[in-house]
Amino acid sequence: MARLVKSIVSGSAVTGLGETTSTDQLEGRFAVEVATLTDAANISVDFGANQNFSVTLATGQARTLDNPSNIVVGQTGSFFILQDGTGNATLSYGTYYDFAGGTAPTITATASAVDRIDYVVRTATSIHCVHTANYS
């Protein structure tokens, strides 16, 4: 799992690095990279490696976003689901992904479409998700 480190500063010189503690305050701009997932029949996700993910689905293929490994309660992030230049791929979800109304969304099937799924990990087996379709 990634750890957040801080610079230890003395005057104007950085004298070392250390892990953040519960009393540290973050200042400035922070960004978490968007990791590329490998397209496959079953798409593996490691929440310990990243929190934002992107995957481009192959033409007309049925895919499953597997339950992630290394789940941390409270983690938040996004999935960017892209259709390739032809589209018509479908996506289903592992049992940990929960959507409003109990119904998993159908992703946009058009060529080069981009959908986003934002998530918050509620428990070790419940990931609350919101789907936003067809970004342009």
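This is a predicted model: local features need pLDDT of at least 70, side-chain atom pairs count only at pLDDT 80 or more; totals for chains, interfaces and linings use all residues.
**Entry 1: Asp46**

Setting aside neighbours within four places in sequence, I found Asp46 in contact with Phe53, Ser69 and Asn70. I located Asp46 in the loop between β4 (42-43) and β5 (52-57). I then checked its surface: Asp46 has a relative accessible area of 29%, so it counts as partly exposed. Its side chain reaches the backbone nitrogen of Gly48 at 2.8 Å. I also compared sequence with space for Asp46 and Ile71: they are 25 residues apart in sequence, and 7.9 Å separate them from C-alpha to C-alpha.

Asn70, one of the contacts of Asp46, lies in the loop between β6 and β7. With 45% relative accessibility, Asn70 is partly exposed. I read its phi as near 55°, a positive value in a residue other than glycine. I placed Ser112 in the loop between β9 and β10.

**Entry 2: Gln75**

Is Gln75 buried or exposed? Its relative accessible area is 12%, and the cut-off for buried is under 20%, so Gln75 is buried. Gln75 belongs to the loop between β6 and β7. I traced its side chain to the backbone oxygen of Asn50, which it reaches at 3.4 Å. Beyond its neighbours within four places in sequence, Gln75 is in contact with Phe47, Asn50, Gln51, Tyr119, Val120 and Val121.

**Entry 3: Aromatic rings**

I next looked up the aromatic residues and found 8 aromatic pairs in the structure. Why is the pair of Phe47 and Phe53 stacked? The ring centres are 6.0 Å apart and the planes stand at 20°; planes under 30 degrees apart count as stacked, so this pair is stacked. Phe47 is buried, at a relative accessible area of 3%, and Phe53 is buried too, at 2%. I recorded one aromatic cluster, formed by Phe47, Phe53, Phe79, Tyr93, Tyr97, Phe99 and Tyr119.

**Entry 4: The nonpolar core**

I then turned to the largest nonpolar core, which has 22 residues. Which residues have the most contacts inside it? They are Leu65, Phe79 and Tyr97. At least two residues of this core come from each of β5, β7 (76-83), β8 (90-93), β9 (97-99), β10 (114-123) and β11 (126-135). As general background, nonpolar side chains tend to be buried together in soluble globular proteins.

**Entry 5: A sheet of three strands**

I looked up how β4, β6 and β8 are arranged. They form an open sheet of 3 strands in the order β4-β6-β8, and the pairing is parallel. The edge strands are β4 and β8, each of which pairs on one side only. Between β4 and β6 I found 2 bridges, and Ile43 has Leu65 as its bridge partner in β6. Between β6 (residues 62-65) and β8 I found 4 bridges, with Thr64 standing opposite Ser92 in β8.

**Entry 6: The whole protein**

Finally, I looked up totals. How many helices and strands does the protein have? It has 0 helices and 11 strands, and the pattern along the sequence is β-β-β-β-β-β-β-β-β-β-β. Of its 136 residues, 30% are buried. The protein exposes about 8,100 Å², of which carbon and sulfur atoms supply 51%. Among contacts with a separation of 6 or more, 55% are between residues 24 or more positions apart.

Definitions and conventions. Residues are numbered from 1 along each chain as its sequence is written. Side-chain values use heavy atoms; hydrogens and water are left out. Rings of Phe, Tyr and Trp (its six-membered ring) pair if their centres lie within 6.5 Å; planes under 30 degrees apart count as stacked, over 60 as edge-to-face and the rest as tilted. Buried means under 20% relative accessible area, exposed over 50%, partly exposed in between (1.4 Å probe, protein chains only). Contact means heavy atoms within 4.5 Å. A polar contact is a pair of N or O atoms within 3.5 Å; within protein, one must be able to donate a hydrogen and the other to accept it, and residues adjacent in sequence count only if both atoms are side-chain atoms. A nonpolar core is a set of buried Ala, Val, Leu, Ile, Met, Phe, Trp, Tyr and Cys residues joined through side-chain atoms within 4.5 Å. Accessible areas come from the Shrake-Rupley method with a 1.4 Å probe; for residues, only the protein chains shown count as cover. Two strands pair if DSSP finds at least two bridges between them.
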